[in-house]
Amino acid sequence: MTTNGHLAAPPVPTSIIDNVPLNDAQRAAVVYDGGPQLVFAGAGSGKTRVLTAKIAWLIGHKRITPHNIFAATFTNKAAQEMKQRVRALTGSPCDSLWIGTFHSLCARILRREASRLGFLPSFTIYDADDQVSAMKKVIKEMEIDERAIPPRQALGAISKYKNACTPPEDLDPAAAPFFQREIIRIYREYARMLKRVQAMDFDDLLCNAVYLFRKNPPVLASYQDLFRYVLVDEYQDTNLAQFYLVKHLAGRSNAIFVVGDDDQSIYGWRGANIENILSFEKAFPGTHTFTLEQNYRSTQAVLRFANTVIAGNTRRAEKKLWTSRSGSARVRVTRYMDGRQEADCIGDDIRELVRGGMPAPLVCVLFRTNAQSRAFEEAFRRKQLPYVLIGAVGFYERKEIKDCLAYLRLIVNPLDDLSFERIANVPPRGLGDRAFKDLRTAARAAGCSLLQIILKGDFSMVADRARKGCADLRELFTEVNSWNAAGTAPHEVLSGMLTRTGYMDMLQGDDSEESEGRLENINELMNTLTIWSGANEGKALSDFLQEVSLETDVDRWQKRDDAVNLMTMHCAKGLEFKAVFLAGLEDGILPSRLNFDDEEKMAEERRLLYVGVTRAMDVLRCSYAEQRWRFGSVTPMSPSRFLHDVPPEVFDFEDRAAFHPAREPAHHTRRNAVAAGPSKSWRGQDDHPKYDAPDHFTQETVAFRIGQYITHKNYGRGRIVSLSGFGKDLQLTIVFNDGARRKLMAAFANLENS
DNA sequence: TTGTTTATTCTTTTT
DNA sequence: GAATAAACAA
C-alpha cells in the first residue's frame, strides 16, 4: 500500500507542525497514525525535517512524553540537533528523549541492566584497536599460529556471528569444518576474556541488548512499556542485530517509524542488511509506505547526473527524484595527469569559487579512502588554503591519547587488564614480558585482575628489578583512586596523573617533532575534559569515557568559518555542501578493486558514488587521474567504470592532463615513460583482469578545454565554449569569428590549435 | 629489559 | 610507504 501524499493527508490543523514547511507527502508521513510506517526518503528530500516534525507531533499532538520516545539516529550530532529543533517546536524540554546512535542507546540500557548479563555497570567499551589487541592475546594464549588465523579475520568472523545475534554457546564446534571450528573456539575464549576484563566491543553493545531482551521477558516488557514510540533514521544501514532490537521494542505496539533510502545503503561491509528496508513490510504487517521524491537540495544538473549514476543498479525500490531547483552550473568531469595535479587544480578551483563568494565551509572534497586525503593536505598547505580533515586518524586513536584513556579507564574499571598492559610500562618502569607473565600467573591464581594484584602490594612473584615499577604503580593508583573518590574534577585527575607518572616528562624530554604534537594532543584532551566537566556537572568520568568511545567522526567536526572540508564519502552521509569535488574516480579506487568480483559489493560501490554526488547542492566537479602515486610506485589508472554509464550530455568533460606543463617532480616518473611501458598493477602482477575501459577517455588526440582557440579548415578561427561527451563522441561547441555557433565532432573536425 | 635495525606484510569504507 | 613484527645488540 503506497501513498504519495494526496490521499492520506487530512488537512487537520495540527498546530505543532504548522511552523514546519512540509509538502503533501512529508505532511502525510508526519500525521499518519495507523501503525508501522516506512518512509522512503530520497537524497535531499527533507528526511530530517520529517523525522523532527514527527517527534514534535508525537509530543505535542499525541501527548507522548519525550521520555517514552526511542529514536535512533546515525550520529550523536544529528541527535543533538534534532533534540534542539524538537524543543523549539514543542516548547518542552526534551532532555529525557531517548535519542542517539543505536550504540549509545544500547550502552545506556546495558549500563542499567548490566547485572542481568553478569556485567558491572562500569564496563569498558572496546574500540576496533582494543578488539585487535584483545584478540591477539586470545590467539596467543590458545597457542594458535597468528598466521594461520589472523586476528582481524577472526574478529571479522566473530562480528558476523554477533550481527546475527548468535552467542558462542549456540555454536557447536564439533559440527563445523576445521577453520570454522577454530573460529568458534576463539569466539568462546574471546567472549570469556571480555567478560573477565568487563569490556564490550561495538558489536556486543547491540547483541547484548538483544540477549538481554531474549532472556528476560519481563525486562523486555518494561522497555516495551517505556518506549511508546520507536523511530529509526537511515534505516537502510541497520544490521540484523539492530533489526532484532527494533522488532523487540516495537513488535508489540507496532508504533514504529523508519526512514531510509535503499539507494544510499553503503555499510553492507559492516553487516548492514539492505533487506531490512526492502522487506520492512514483511516484518511489520500493516505497514504504510510513504515516498518522498522531491529533492530540495540539488540543482537539476546535479540530480540528472545522480539519477543516471544510480540507474545502473537493478534491484531498487522504485522512485524518481525530481527538483524544481534550477542552476547555471553544469556538472564537470575533469581528467588530470596525476594525483598531484588533481589536488593542485582542485585547490585552485576552490580558491576561485571562494573568491566568487562561495563560503569555504560549504565546499567539500570527497574521496573513497582516507589515504587519498594526503595529496590534498599537502597541496592545500602549500597553497595556504585552510582545510579541516574529518575522520582519518581519529583524535582518540592516537597513541598518546589512548595511553591517557587507558589510565583513566583503569580508575573506572580496575578489571581492564588490557588497559593495564598498555600503560604499565609507559613510561618505562622496568616491566617487560617476563614481569607481565609472572603477574598474570599470580592474578589467575588469585582470581583477580592485574591491577588488583598490584594494589595488594605483594610483589614476590616478579624479579627484583621489576619490583620498583610495581610499587610505583601501586602508589600511583592508590593515590589517584582516592582523588577520584574524593570527587576531584576529571581533568585534574588526568593532569595530576600524567605529571605524577612522569608521562609528561617523558614527552618533554624527547625533542622529536612527534612528541611536540603529542604534547599538543594531550593538552587538547585536557581542554576537552575540562570543558566537558564544566558542561556535565554530576556526570562521572565513566560517562566521559563512554561518550568518547561512541563518538563519531562527524560528532567531533567543527566547521571553521574559513576552512574547506575534506572527508571520505562514507563520512559525508547525511551532509550537504554547496560545492562538492569528487576526486579519484578511478577504476580500482571507486569502485574499489577489492570488490570487483562481487556483484552486490559493486552495487554498493555505485551507491557510494551516488551518495557522494547527491551531497552537492549547486556545484559538482568530478575528477580522475591518469596515473597515481601509490605504494611507492606510479600506477596507471583508468576512469571509473561508473562514469562510462553516464550519458555525455549530462556533463561537461575537461581534459587538463594534456595541458599541464611538463614538470619534473622529484619522485614522479614522466607520464610518457609510464604510458609507454606495459601496464603493471601495483602488486607487480595482474591479479585482476584489467577492466577494458573504452579508451576514449584517454585518447591523446582529444585534448580540448573551454576557452581554447582553434582553427577549422572551412570555418576559420573560433573559440571553444563547451564540451560534451568523450573521445570519439566528444562534441565541441565553437563560436567562430564569423559569429556562428557550431557543434562539431572533435574526432572529425580536424582542428588545429591557434 | 630496552632500544635499534631489518624484514615483512599489507592496504576500503566505521559504530 | 608505512606500520608492525621479528631479530639483534647493548
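A salt bridge here is a side-chain nitrogen of Lys or Arg within 4 Å of a carboxyl oxygen of Asp or Glu. The model is predicted, so local features need pLDDT of at least 70 and side-chain atom pairs count only at pLDDT 80 or more, while totals for chains, interfaces and linings use all residues. Residues are numbered from 1 along each chain as its sequence is written, chains are lettered from A and ligands numbered from 1 in the order in which they are written, and side-chain values use heavy atoms, with hydrogens and water left out.

**View 1. Arg 340 and Asp 344 form a salt bridge.**
The closest N and O atoms of this pair are 3.9 Å apart. Both residues sit in helix 15 (residues 339-355), four residues apart, or about one turn of the helix; helices (H or I, at least four residues) and strands (E, at least two) are DSSP runs, numbered from the N terminus. Arg 340 is partly exposed at 31% relative accessibility, whereas Asp 344 is buried at 14%. For those labels, buried means under 20% relative accessible area, exposed over 50%, and partly exposed in between, with a 1.4 Å probe and protein chains only.

**View 2. Arg 335 and Glu 626 pair up across the sequence.**
Their side chains meet in a salt bridge at 3.2 Å, N to O. Arg 335 belongs to strand 10 (residues 331-338) and Glu 626 to strand 15 (residues 616-630), which puts the partners 291 residues apart. Arg 335 is buried at 2% relative accessibility, and Glu 626 is buried too, with a relative accessible area of 10%.

**View 3. Arg 368 meets Glu 605 in a salt bridge.**
The N to O distance is 2.7 Å. Arg 368 lies in the loop between strand 11 (363-367) and helix 16 (373-382), and Glu 605 in helix 26 (residues 599-613), so the pair ties together parts that are 237 residues apart in sequence. Arg 368 counts as buried at 17% relative accessibility, and Glu 605 is buried with a relative accessible area of 4%. Zooming out, the whole structure has 52 salt bridges. Lys 47, Asp 233, Glu 234, Asp 237 and Lys 573 are linked in a network of them.

**View 4. Phe 74 and Tyr 267 make a tilted aromatic pair.**
The search of the whole structure turns up 19 aromatic pairs. Rings of Phe, Tyr and Trp (its six-membered ring) pair if their centres lie within 6.5 Å; planes under 30 degrees apart are stacked, over 60 edge-to-face, and the rest tilted. Here the centres are 5.5 Å apart and the planes are at 45°, so the pair is tilted. Phe 74 is in the loop between strand 3 (69-72) and helix 4, and Tyr 267 in the loop between strand 8 (256-260) and helix 12 (275-278), 193 residues apart. Phe 74 is partly exposed at 24% relative accessibility, but Tyr 267 is buried at 8%.

**View 5. Phe 376 and Phe 380 sit edge-to-face.**
Centre to centre the rings are 5.9 Å apart, with 70° between the planes. The two are four residues apart in helix 16, about one helical turn. Phe 376 is buried with a relative accessible area of 2%, and Phe 380 is buried at 0%. Elsewhere, Phe 70, Trp 98, Phe 102, Phe 213, Tyr 223 and Phe 227 form one aromatic cluster.

**View 6. The second largest pocket has a volume of about 2200 Å³.**
Of its 48 lining residues, the closest to the centre are Tyr 396, Thr 528, Glu 551, Asp 555 and Arg 556. Helix 24 gives the most to the lining, with seven residues; other elements giving two or more include helix 5 (102-113), strand 12 (387-389) and helix 25 (541-550). By class the lining has 19 nonpolar, eleven polar and 18 charged residues. Ala, Val, Leu, Ile, Met, Phe, Trp, Tyr, Cys and Pro count as nonpolar, Asp, Glu, Lys and Arg as charged, and the others, Gly among them, as polar. On a 1 Å grid over the protein atoms alone, a pocket is an open set of points where a 1.4 Å probe fits, with protein on both sides within 12 Å along at least five of seven lines; lining residues have an atom within 4 Å of a point. Grid points are joined across faces, edges and corners, and the volume is the space filled by probe spheres set on them.

**View 7. Cys 165 and Cys 207 are too far apart for a bond.**
The sulfur of Cys 165 is 5.6 Å from the closest cysteine sulfur, the one in Cys 207. A disulfide takes a pair of cysteine sulfur atoms within 2.5 Å, and the whole structure has zero of them. Cys 165 is buried, with a relative accessible area of 2%.
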